[in-house]
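This briefing is meant to be read alongside the sequence and the 3D structure. Please keep both in view while following the points below.

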Amino acid sequence: EIEKGLFSMDALCAILMPGFKESNWTDQEIGIAIGRGILVIPIRKEFDPYGFIGKYQGFQSVGKKIHEVAEGIFEILIKNPKTRNNIINCLIDLFLLSNDEKESLERIKAIKKINDLPNEKLNLLHQRIIDNKNLKNQKILKEFNELMAKYNFSSIFLKDFDKVYEVEIDDLPF
């Protein structure tokens, strides 16, 4: 399973802490990531990057709470060209497939943290939000419309979810 992960990962976060260098595996895992051209994010926890990752400053985690470290990693991932598009695509898909208000709000707030969203992704969001009745919610639409307004898109309203789309007979494949 670890090997599958190493050859399918989009990025690697290495938590550098005492004992890291003594492991028989950590340097090999980082080497695989570097060899594949994958983004490596050294997380500094009382230990500095060395070897091939020594060129990276690393993200300082000492004195930070878990959510602060997670936010820092998120910022790195959305700014890096190696991971930006995958993160945007995943967040948009997750939002559009949300099952409840809480996860919808968390996901749209994460999307709002991304600067310069591509226009095609905004169009996708704007067109497909009404496909999921779980997103028919005033709080969700408030957050969503704030995002859309930032990019000069029109607002979506609760009534937009009630539109019935008719399929013309000519469009049937048989």
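The largest pocket is lined by Leu39, Val40, Ile41, Pro42, Tyr56, Gly58, Phe59, Ile76 and Asn80. This is a predicted model, in which local features need pLDDT of at least 70 and side-chain atom pairs count only at pLDDT 80 or more, while totals for chains, interfaces and linings use all residues. Residues are numbered from 1 along each chain as its sequence is written, and side-chain values use heavy atoms, with hydrogens and water left out.

**The largest pocket**
- A pocket is an open set of points on a 1 Å grid over the protein atoms alone, where a 1.4 Å probe fits, with protein on both sides within 12 Å along at least five of seven lines; lining residues have an atom within 4 Å of a point.
- The volume of the largest pocket is about 160 Å³, a volume being the space filled by probe spheres set on the points.
- Strand 2 contributes the most to this lining, with 4 residues; strands are DSSP runs of E with at least two residues, and helices are runs of H or I with at least four.
- The lining comprises 7 nonpolar residues, 2 polar and no charged; Ala, Val, Leu, Ile, Met, Phe, Trp, Tyr, Cys and Pro count as nonpolar, Asp, Glu, Lys and Arg as charged, and the others as polar.

**Aromatic rings**
- The whole structure contains 3 aromatic pairs (ring centres within 6.5 Å; planes under 30 degrees apart are stacked, over 60 edge-to-face, the rest tilted).
- Phe20 has 10% relative accessibility and so counts as buried (under 20%; exposed is over 50%, partly exposed in between, with a 1.4 Å probe and protein chains only).
- Tyr50 is buried at 17%, whereas Phe47 is partly exposed at 26%.

**Charges over rings**
- Lys21 lies over the face of Tyr50, 4.6 Å from the ring centre (NZ of Lys or CZ of Arg within 6 Å of the centre and within 35 degrees of the ring normal).
- Lys64 lies over the face of Phe59, at 5.0 Å from the ring centre.

**Overall fold**
- The protein has 7 helices and 3 strands.

Technical notes. Rings of Phe, Tyr and Trp (its six-membered ring) pair if their centres lie within 6.5 Å; planes under 30 degrees apart count as stacked, over 60 as edge-to-face and the rest as tilted.
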